[in-house]
Amino acid sequence: MINIQNVNKYYGKHQVLHNIELEIPKSQIFALIGPSGAGKSTLIRTINALEEIQEGQILVDGISVHDKKTDINTLRSEIGFVFQNFHLYPHLTALQNVSYSPIYVKKVSKKEAETRAKELLSSLGLGNKVDSFPGQLSGGQQQRVAIARALAMDPKIMLFDEPTSALDPEMIKEVLDAIRKLATTGMTMVVVTHEMGFAREICNQIVFMADGKVVEVAPPEQFFTQPQSDRGKDFLNKVLNH
Amino acid sequence: MDYNLDWSVIPQNMDAILEGLWLTLQISALALLISIPIGILAGLLRISRNHFISFLATTYIEFIRGVPLLVLLLWIYFVLNQFLHLGAYWSAIVGLAFFSGSFIAEIVRAGIESVPRGQMEAARSSGMSYITAMRLIILPQAFRKVLPPMASQFIILIKDSSLVSVISVADLTLAGKNIVGTTFRSLEVWTFIALLYFAMTFIISQVIRFLEKKYKVAE
C-alpha cells in the first residue's frame, strides 16, 4: 500500500534520510521508533508530501506521491495525518474542525458531513464537546478531535506523528485508546512514537531508525527481545531500563 | 486675550459644512472599500513563492508607502490625470486607496505570517488546496489578528482625506478654509471641524472594537 523506494532527502548539504526502503502492506500497522534526530518525523511527513524528497520515490496505492503530475490534494484527502501539536483550527468549533474538509474538499453536503462528524466525535468520547472551541479543550481532547478530523475524510491510511508527545501523562491513555480502537478496524497505519509498550502491543512491524537510516525492521516481539543491530540494542537499553 | 466667541458662525454655514462632510465621508468610504481588496491582494502576492509576483507586489508597496501622500495626490492629479482623465474627485479616491492599500498590504502580510505554519500544514494534509486553506483557515485567523492595526489604518485614512483639499476637492477641510476665509472665525470653525473628524474616527474605532469582541476566540 505504501512503497518507499530508495528515498534520499537533504536539507542543503545535510542528508536527513539515507536510502530509505520500506514496504507497508494494506491493513498493517508500522511503528517508527528510534532516538530523536533519527528522521522518523521527516520520513512520515514525506508520505503525504508535507516534506519534499530529492531522490527516490514513494508510491501510495501505486500513485507516486512526489510526482509533479500527481493530484496531491486528492491523494492527501485519502491519507489522514495527526500531528504532535494537534494543529486544530482555533477559530472553528470541534464540529467545524471535523466537518470542514468533507464539506469543502469532498463536497459532501453540510448536513451529512456534520452528522458524520458528530458520530465520529461521539465514538471518541467527545459527544458533549461538539460545539467547543479547541482553546476550551484539554490536550487529550484536542488530539482526539484531530483524530476525528482525519477520520472524517474516510482515509485509506492514517499517519500519526508522535501523537502523544505533547500530552500530559494522564492524557496519553485516552489518545492511545483511540488509536487502539482504530487498529481493530484494519486501517493501514504508520505511527511515530516513543510509547514502546504501545508500539509492542498494536504494531505488526517495528521500524527502527537512527541517523536518517532504517536500521532494522522486525516484528515487535523479535525487536524488543532480540534486536539484531547494535544501535537497536543500545536504544532499547536506554529506553527500557530507566 | 480679548476674543468674543460667536458660535453662530456654525449654524449660519451649516450647509457648506454638511456638503464638505458628505464629500469627506464619500471619499473616505470609497477609498477604504477599494483599499481593502488592494491591500489583501498585494499582501497575498507579496508572500507568493513566485519571485516575480512577489517582486511586483513589493515594488508597489515600497514605492507608494515611501512617497508622501500629498505628493502622491499632486502627482495623480497633475500627471496621471493628463492621461486617464480621472478628475479631482476620483484622483483623490484613487490616491487615498492605493496609499492606504500599501499599508494594509503589510498589515495583511504580518497577519498571515502570524498564523502558525502548522495550520497550513493541517489544512493541506486534509486535502485542501492552497487557496481553499487560505480562505477557510488562514485568512479568518489573520483577520482577527489584524483588526487593531486595521482600525488605526482606517482612522489614518479618514484623517489623511483632509489632504485632498489641495487638489481642490471640496471636502470638510476645504469647507472650513472657505468659511474661515469669509468670516475670520478660525477658533469656532476649526474647533467644530476637528470635532467632526474626531466623531468619524471614533465611530470607526468603536465598530472595530465591536468586531474584535464578536470574533474573539478562546485561546
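Val207(A) touches Leu22(A), Phe30(A), Ala31(A), Leu32(A), Val214(A) and Val217(A), leaving aside residues up to four places away in sequence. Here, two residues are in contact if their C-beta atoms, placed from the backbone, lie within 7 Å. The model is predicted: local features need pLDDT of at least 70, side-chain atom pairs count only at pLDDT 80 or more, and totals for chains, interfaces and linings use all residues. Residues are numbered from 1 along each chain as its sequence is written, and chains are lettered from A and ligands numbered from 1 in the order in which they are written.

Let me turn to the strand around this residue. A residue is buried if 20 or more other C-beta atoms lie within 10 Å of its own, exposed if 12 or fewer, and partly exposed in between, with C-beta atoms placed from the backbone. Helices (H or I, at least four residues) and strands (E, at least two) are DSSP runs, numbered from the N terminus. In a regular strand the side chains alternate between the two faces of the sheet. In strand 9 of chain A, Gln205(A), Val207(A) and Met209(A) point one way, Ile206(A), Phe208(A) and Ala210(A) point the other way, and all are buried.

Which strands pair with strand 9 of chain A? Strands count as paired if DSSP finds at least two bridges between them. Strand 3 of chain A (residues 29–33) pairs with strand 9 of chain A in the parallel sense over 4 bridges, and Ile33(A) has Phe208(A) as its bridge partner. Strand 10 of chain A (residues 213–218) runs antiparallel to strand 9 of chain A and is joined to it by 5 bridges; here Val217(A) is the bridge partner of Val207(A). The hairpin of strands 9 and 10 of chain A has 2 residues between the strands, and Asp211(A) takes a positive phi near 50° there.

A further sheet deserves mention. It is an open sheet of 4 strands in chain A, with the order 2-1-4-5 and antiparallel pairing. Strand 2 (14–24) and strand 5 (63–64) of chain A each have a single partner strand and stand at the edges, so one side of each is left without a neighbour in the sheet. Strand 4 of chain A (residues 55–60) pairs with strand 5 of chain A over 2 bridges in the antiparallel sense; Leu59(A) has Ser64(A) as its bridge partner.

Among the helices, helix 1 of chain A (residues 40–47) is mostly covered, with 7 of its 8 residues buried.

Now the chain as a whole. Chain A has 9 helices and 10 strands. Its radius of gyration, taken over C-alpha atoms, is 18 Å, close to the 18 Å of the globule rule (2.2 Å times the number of residues to the power 0.38) for 242 residues, so chain A is as compact as a globular protein of that length. Its C-alpha trace spans about 55 × 45 × 30 Å along the principal axes. Buried residues make up 47% of the 242 residues in chain A. Of the contacts in chain A with a separation of 6 or more, 63% are between residues 24 or more positions apart.

How is chain A divided into domains? The assignment, automatic or from a database, gives domain 1 (2–78 + 157–240) and domain 2 (88–155). Their C-alpha centres lie 25 Å apart, and the contact takes 12 residues from each of the two domains. On the domain 1 side, strand 7 (157–161) and helix 6 (169–183) of chain A each supply at least two residues. Helix 6 of chain A gives the largest share, 4 residues. This side divides into 8 nonpolar, 1 polar and 3 charged residues, where Ala, Val, Leu, Ile, Met, Phe, Trp, Tyr, Cys and Pro count as nonpolar, Asp, Glu, Lys and Arg as charged, and the others, Gly among them, as polar.

Finally, the two chains together. In the contact between them, 19 residues of chain B meet 22 residues of chain A. Helix 6 (117–125) and helix 7 (130–160) of chain B each give two or more residues to the chain B side.

The largest nonpolar core has 124 residues, and Val207(A) is among those with the most contacts inside it. Such a core is a set of buried Ala, Val, Leu, Ile, Met, Phe, Trp, Tyr and Cys residues joined through C-beta atoms within 7 Å. Its largest share, 12 residues, comes from helix 5 of chain B (residues 87–113).
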